[in-house]
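Grab a pencil and work through these exercises with the model on your screen. Try each task yourself before you read its solution.

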Amino acid sequence: MKARILSAVILAAGLYAPIADAAELRIGVAAEATYVDPHAQAIGPNFELMLHIFDTLARVGPNEEILPGIAQSWRIVEPPNLWEFKLRPGLKFHDGAPLTAHDVKFSIERASNVPGAPSTYSRNLRNVDAVEVVDDLTLRLRTKRPGLLLPANLAQIAVVDRRIGMDATTQSYASGKSANGSGPYRFVEFVPGERVVLEANQAWADGKPRWDRVTLRLLRSPAARLAALLTGAVDVINDVPPGDIEKLQREERVALSSGLSNRVIFWAMDVARETSPFVTGKDGGAIANPMRDPRVREAMALAVDRPAIVSRLMEGAAVEASQIPLEGHPGFLPDLKNPAPDLNKARALMAAAGVANGFRLAIHTTNGRYLNDTRQAQTIAQMLARIGIEASVQPTHIGTYFTQARNKEFSFMIVGWGHTSTDPLLVMRETFHSTAANNYGSWVDPTSDKLLDDADVELDQAKRGAMLAEVTRRAAAANVVLPSHYQVNYWATRKDLRYVPRRDEATVAESVVPR
């Protein structure tokens, strides 16, 4: 069916013609930005939008490297926990007002506490104890404990204009009234669920932006994104469906770019509560939460066929994952492999746990946030059915999904964590630490908590890596989460353009370059 749809799209693409004004870029995106306010909700589409309008103290490069941004340099001036950041001189906001260390201080303090926000960047700033302005171009930050991740964490925090920000609301950002950044593009228009329009900031400190005007157009349907590209309605699309990659590689009017993502897809399950909101007996009656039993979790792990997900469902646009860290990251265990699917052993484990007949379970998933996310959930449901678990799939809008997850409203859910640098501590802490808001399964392991706490302050990278590796091993042994794969992302452009892939998956106008 998909092949027929794509063939029809390609036939219709005979209408395609080069854009007369090449200075305008139109991007078809799969997931919408929910807020213009850069501190209101820490999700990928909002981060992408932030990268256009605002700037950060440090920046994340395309290969996860931490680069200068608003700050031209940083150092620890009083070991082990007093940092000094030197700002680039002459920086200005879009309205021409100077950007100073006072704006950076205000932004760091605001980003942890935005009234009414569904999720802020407080996890990136939890180790910041105090922020001091030395002068307009010098900022000092004292951390609560020593650590190496401060610049990487600050690379997620947009710097906003404190003059406006003091009285700003998420609504005033959405209207454009408060969206006064210092990034490459100025805010023009935000139509929720439809588009964001931006124009070049001609006074951008890094030089004239590549495009005069940028439109981010929401096209949730993969077929709609492909049709828009091939008929010339947009110039770039992200999240190219894996099933269409082979055909697009043969399409002369399209150029494909791809790169391994730093995003790991895994399934989190309720491992702690005695009863779980979306778990029942086969008759629909209340039962004790079977996922508290490690034998049930092991059975579920044995029922999930990761190679089949990678090769068939993702059609090669993924790399199998057995753990949260990526290869080359601290804490990665080369010898940790996923178990081969074994339904007989899985059924025996279910019987030993007292649930030989299985149970009912709702699987919650985003819808269009990750590649094939709803289809992934359907595939997992089919796999679990082979050991007696009747799973229904409940797609949920991204605007509420993670708020519900943090409120522990789900029993079994898809999660796609993207690492903010080559160090996985933030993601591992949020996934496994008992006090973390994003420990969706509420796993409690005091040994892992201590290892994560110690790794947070350890300055010796070898020792930190050993600590994180032990957490990886303990979580895998307990089957706290079921890792599936690391995404391989594809972008498609007009043939005269190409997209420079980013490990953080962000789709940004400045990464679209002439071929």
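**Exercise 1.** Find out which residues are linked with Arg-26 in a network of salt bridges.

*Solution.* Start with the rule: a salt bridge is a side-chain nitrogen of Lys or Arg within 4 Å of a carboxyl oxygen of Asp or Glu. Applying it, you get a network that links Arg-26, Asp-235, Arg-494 and Asp-496. Searching the whole structure turns up 35 salt bridges.

Before you go on: this is a predicted model, where local features need pLDDT of at least 70 and side-chain atom pairs count only at pLDDT 80 or more, while totals for chains, interfaces and linings use all residues. Residues are numbered from 1 along each chain as its sequence is written, and side-chain values use heavy atoms, with hydrogens and water left out.

**Exercise 2.** Take the salt bridge between Arg-162 and Asp-103, and work out which parts of the chain the pair ties together.

*Solution.* First, check the distance: the closest N and O atoms of Arg-162 and Asp-103 are 3.4 Å apart. Next, locate the partners: Arg-162 sits in helix H6 (residues 162-165) and Asp-103 in helix H3 (residues 101-111), so the pair ties together parts that are 59 residues apart in sequence. (Helices are DSSP runs of H or I with at least four residues, strands are runs of E with at least two, and both are numbered from the N terminus.) Finally, look at accessibility, where buried means under 20% relative accessible area, exposed over 50%, and partly exposed in between (1.4 Å probe, protein chains only). Asp-103 is buried at 1%, whereas Arg-162 is partly exposed at 27%.

**Exercise 3.** Is Lys-208 buried or exposed, and what is the N to O distance in its salt bridge with Asp-212?

*Solution.* Take the distance first: the side chains of Asp-212 and Lys-208 meet at 3.1 Å, N to O. Then read off the areas: Lys-208 has a relative accessible area of 53%, so call it exposed. Asp-212, with 33%, is partly exposed.

**Exercise 4.** Describe the surroundings of Asn-201.

*Solution.* Now list its contacts (heavy atoms within 4.5 Å), skipping residues up to four places away in sequence: Asn-201 touches His-94, Ser-182, Gly-183, Pro-184, Tyr-185, Arg-186 and Pro-209.
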